[in-house]
Amino acid sequence: MNGMKLAVSIAGVELKNPIMPASGTFSAREFSKYIDVGRLGAIVTKGVAPVPWQGNPPPRCIETASGMLNAVGLQNPGVDSFIANDLPLLSVFKTRIIVNICGHSLGDYIDVTEKLREAPIDMLELNISCPNVAEGGMAFGTDRNMVERVVGEVKKRAAQPLIVKLSPNVTDICEIARAAESAGADALSLINTLLGMKIDIHKKRFALENKTGGLSGPAIKPIAVRMIYQVSRAVKLPLIGMGGVMTGEDAAELLMAGATAVAVGTASFHRLTALTDVLDELTAFLKNNNISDVNALREIII
Ligand SMILES: Cc1cc2nc3c(=O)[nH]c(=O)nc-3n(C[C@H](O)[C@H](O)[C@H](O)COP(=O)(O)O)c2cc1C
């Protein structure tokens, strides 16, 4: 269809289309061998901490029915090395850059945010929802008062619009979403992984060295759809939806649930071209349904 509109806007930042990688599942340098990274709506980095983190000991990833468990534990080179070595390589791709930030403490989040003030990036994504780190991570994202405090302190120091990434490991995700909104978040992303466990009954031990891990992939998509729908009714902020998207039709489902953009994670491990395939399939879905603006999907289900 000529004149099809794929562009979306998140907190005043225009993306050429709504499809982007989910944090921690994508390296622009590696994936550029298989896909045209510049076609994506944005690049999203793995979590960046103030200092290098080793991550958890192996085994760190294991396949499960319709998904996977990971306990990578936010391995990263630290913000100084990220700015010096990784960021210059991302800028060549002619798309938006979203940097995911992680920490063990409020001070960690503040350090990274301040160091990124002058960096050539478009948005920050605050990961207060990682289930795989002992301190920080999910502990922040599951307590309404902590969410308000961390988001408020980071927002004060952020030079770029702030996306807050929500954990699904809570009783009431709308309460957490409202806390992030009232503390100044510019957008929300959801969902991070669900805390899970697998036991190898033959070896009689935990399948992951960390014992627990984050569940992702198609198994979690109905939970993502439900939470996106609920949160989209609870707050006014734009949402980036994620959780089990394998195809363009899955992306359309998250958009209809209320998301403005969609991230693709685990699918990229299964199929290296998943991101651009999802974009092409979503475009075909819109065309087949005579929808000329991707933003119209959000208005369909009320
Ligand atoms: C191996 C792996 C590493 C991840 N690392 C991060 C991370 O560093 N920061 C973050 O916010 N989310 C991280 N996530 C969560 C994903 O960004 C995403 O929220 C989740 O996997 C659900 O999407 P999916 O089902 O499409 O994978 C990671 C997920 C996986 C599978």
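This report covers a ligand site and a sheet in a predicted model.

Residues are numbered from 1 along each chain as its sequence is written, and side-chain values use heavy atoms, without hydrogens or water. In this predicted model, local features need pLDDT of at least 70, side-chain atom pairs count only at pLDDT 80 or more, and totals for chains, interfaces and linings use all residues.

**The ligand site**

The ligand is surrounded by 23 residues, each with a heavy atom within 4 Å of it. The closest are Ser-23, Lys-165, Gly-217, Gly-244 and Thr-266. By class, this shell holds 6 nonpolar, 15 polar and 2 charged residues. Here Ala, Val, Leu, Ile, Met, Phe, Trp, Tyr, Cys and Pro count as nonpolar, Asp, Glu, Lys and Arg as charged, and the others, Gly among them, as polar.

The table lists polar contacts (pairs of N or O atoms within 3.5 Å).

| Side chain | Ligand atom | Distance |
|---|---|---|
| Lys-46 | nitrogen | 3.0 Å |
| Asn-100 | oxygen | 3.0 Å |
| Thr-266 | oxygen | 2.6 Å |

Taken alone, the ligand exposes 610 Å², and the protein buries 97% of that. These areas come from the Shrake-Rupley method with a 1.4 Å probe.

**The sheet**

An open sheet has 4 strands in the order E5-E6-E14-E11, with antiparallel pairing. Strands are DSSP runs of E, at least two residues, numbered from the N terminus. Two strands pair if DSSP finds at least two bridges between them. E5 (61-64) and E11 (194-197) are the edge strands; each has a single partner strand, so one side of each lacks a neighbour in the sheet. On average, neighbouring strands are turned by 40 degrees against each other, direction ignored. The angle is taken between axes, lines fitted to C-alpha atoms.

E11 joins E14 (residues 212-216) through 4 bridges. Leu-195 has Gly-214 in E14 as its bridge partner.

Terms used
A polar contact is a pair of N or O atoms within 3.5 Å; within protein, one must be able to donate a hydrogen and the other to accept it, and residues adjacent in sequence count only if both atoms are side-chain atoms. Axes are lines fitted to C-alpha atoms, for helices over the stretch in contact, and angles run from 0 to 180 degrees between N-to-C directions.
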